[in-house]
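Subject: Structure handover

Hello,

Please find the structure below, with my notes after it. Could you look through both before you set anything up?

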Amino acid sequence: MPEVEIKNLTKKYKSQKGEKITAINDVNLKIEDKHYNTLLGPSGCGKTTLLRIIAGLIKPTCGKILFDGEDVTDVLPEERNIGFVFQDFAVFPHLDVWHNVSYGPTVKGWPKEKIKKTTQENLKLVGLANRPKALPKELSGGMQQRLGLARALATQSKLLLLDEPLSALDAKIGAYLRYELRKIVKKNHLTAIHVTHNQEEAMTISDNIILMRGGEIVQTGSPEELYQRPNSVFAANFLGKCNFFKCDKISSHKASYHGKIIKTEKEIKDKKIILGIRPEKIHLESNIDEGMITGKIELINFLGHLYEYRINVNGATVKAYKRYKEEKVRRKFKLGDKISFWFHPEDVLIFKEPNDFKKELRLD
Ligand code: ADP
Ligand code: MG
């Protein structure tokens, strides 16, 4: 417990000029019990609004929220039994670590022994048991965020809502806390809904990603599902890197790009399509083969674990990643070289051509 269900949910705001803004547009969603879920999407797509509606902090314009099948749409936030972690270290600045964590249980009127036990347990869980008397300002950003988490956990609610909990932190600390967060959620059998605009964070922390855009849900699934089978140009581009080829002369299992044939494993059903290839699925050849797509290497980036090649193809840039041993690759492909490349039909993603391709690639 609990499972969260969202039915035909819409939220419209009124801007200061009196214009209506649709922040959430008829969303339906089922969030499974004990899963780590992320609401992922560009800034302004409605993530915070959706999370706050689940918490009861914002009233929807229409639609329903159900917890374990029970309608909670009109239930007050304090009666929904949720823990909420905010982006900006929402802790009481004038209370020490101990009293920040014991605050929730105290307000709930729990017996003294239970308050003490819960506070102790949760401080231990987030690694702050040795700092009970410290004030928040005496803690690092990472510690303050862990204090915020301990506060949310101390209420012992099984539903944990987190709004960009790691965004304000140094990248390395944020990356470390991802694992800690997931561990705590799994150990305590909680259901987590975590808002982020960071695709890498969503990929590493989630059982289930809910990809949003413009107040709607684009796709939901495991990180692997979303990466391997993105349902749109937007999804492929938002989660990881992808090269796109606008094709013509389409038949069931192949299409033509500037006269070169690209074969696909899946049948192509649409008339106007874009094919997508992840950079790690591109195979470079130093021998020019007129049957293959050819291009010129215009940039080589050494990224530590791999090389990124930027190849100019018909004026557009195609990215390819190579993991060969440094020496071998260096000798084979050099800046300015003309090369050919190919890919396996099963690695070719097929997308319906969007009305506005450039807009699909925008990440904001
Ligand atoms: P996200 O968390 O994904 O960045 P939000 O849920 O904060 O997105 O916002 C979604 C949309 O609703 C944005 O266009 C934002 O400007 C608008 N919005 C959010 N809160 C308000 C508000 N209180 N009044 C008017 N518009 C709002
Ligand atoms: Mg937000």
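To begin with one residue, E200 has a relative accessibility of 48% and so counts as partly exposed (buried is under 20% relative accessible area, exposed over 50%, partly exposed in between, with a 1.4 Å probe and protein chains only). This is a predicted model, in which local features need pLDDT of at least 70 and side-chain atom pairs count only at pLDDT 80 or more, while totals for chains, interfaces and linings use all residues. Residues are numbered from 1 along each chain as its sequence is written, chains are lettered from A and ligands numbered from 1 in the order in which they are written, and side-chain values use heavy atoms, with hydrogens and water left out.

Salt bridges

The side chain of E200 meets that of R178 in a salt bridge, 3.6 Å from N to O (a side-chain nitrogen of Lys or Arg within 4 Å of a carboxyl oxygen of Asp or Glu). The pair links distant parts of the chain, 22 residues apart: E200 is in helix α6 (residues 199-205) and R178 in helix α5 (residues 171-187). Helices (H or I, at least four residues) and strands (E, at least two) are DSSP runs, numbered from the N terminus. R178 is buried, at 8% relative accessible area.

R213 and E360 form another salt bridge, with 2.9 Å from N to O. R213 lies in strand β9 (residues 208-213) and E360 in helix α10 (residues 357-360), so this pair ties together parts that are 147 residues apart in sequence. R213 is partly exposed at 25%, whereas E360 is buried at 14%. R182, K186 and D207 are joined into one network by salt bridges that share partners. The structure holds 11 salt bridges.

Ligand 1

The residues around ligand 1 are Y13, K14, I21, A23, P42, S43, G44, C45, G46, K47, T48 and T49 (near means a heavy atom within 4 Å). β1 (4-14), β2 (20-31) and α1 (47-55) each supply at least two residues of this shell, and α1 gives the most, with three.

Polar contacts are pairs of N or O atoms within 3.5 Å; within protein, one must be able to donate a hydrogen and the other to accept it, and residues adjacent in sequence count only if both atoms are side-chain atoms. An oxygen atom of ligand 1 is 2.7 Å from a polar backbone atom of G44. Taken alone, ligand 1 exposes 570 Å², and the protein buries 61% of that (Shrake-Rupley, 1.4 Å probe; for residues, only the protein chains shown count as cover).

Seven of the nine residues of α1 are buried, including K47 and T49. Just after α1, G56 takes a positive phi of about 90°.

R80 lies in the loop between β5 (70-71) and β6 (82-85). R80 is buried yet has no salt bridge; D74, the nearest side chain of opposite charge, is 6.7 Å away (Lys and Arg count as positive, Asp and Glu as negative; His and the chain ends are not counted). The side chain of R80 has a polar atom 2.9 Å from the backbone oxygen of V72 and reaches the backbone oxygen of T73 at 3.2 Å.

Overall

The protein has 10 helices and 20 strands. Buried residues make up 46% of its 364 residues.

Regards
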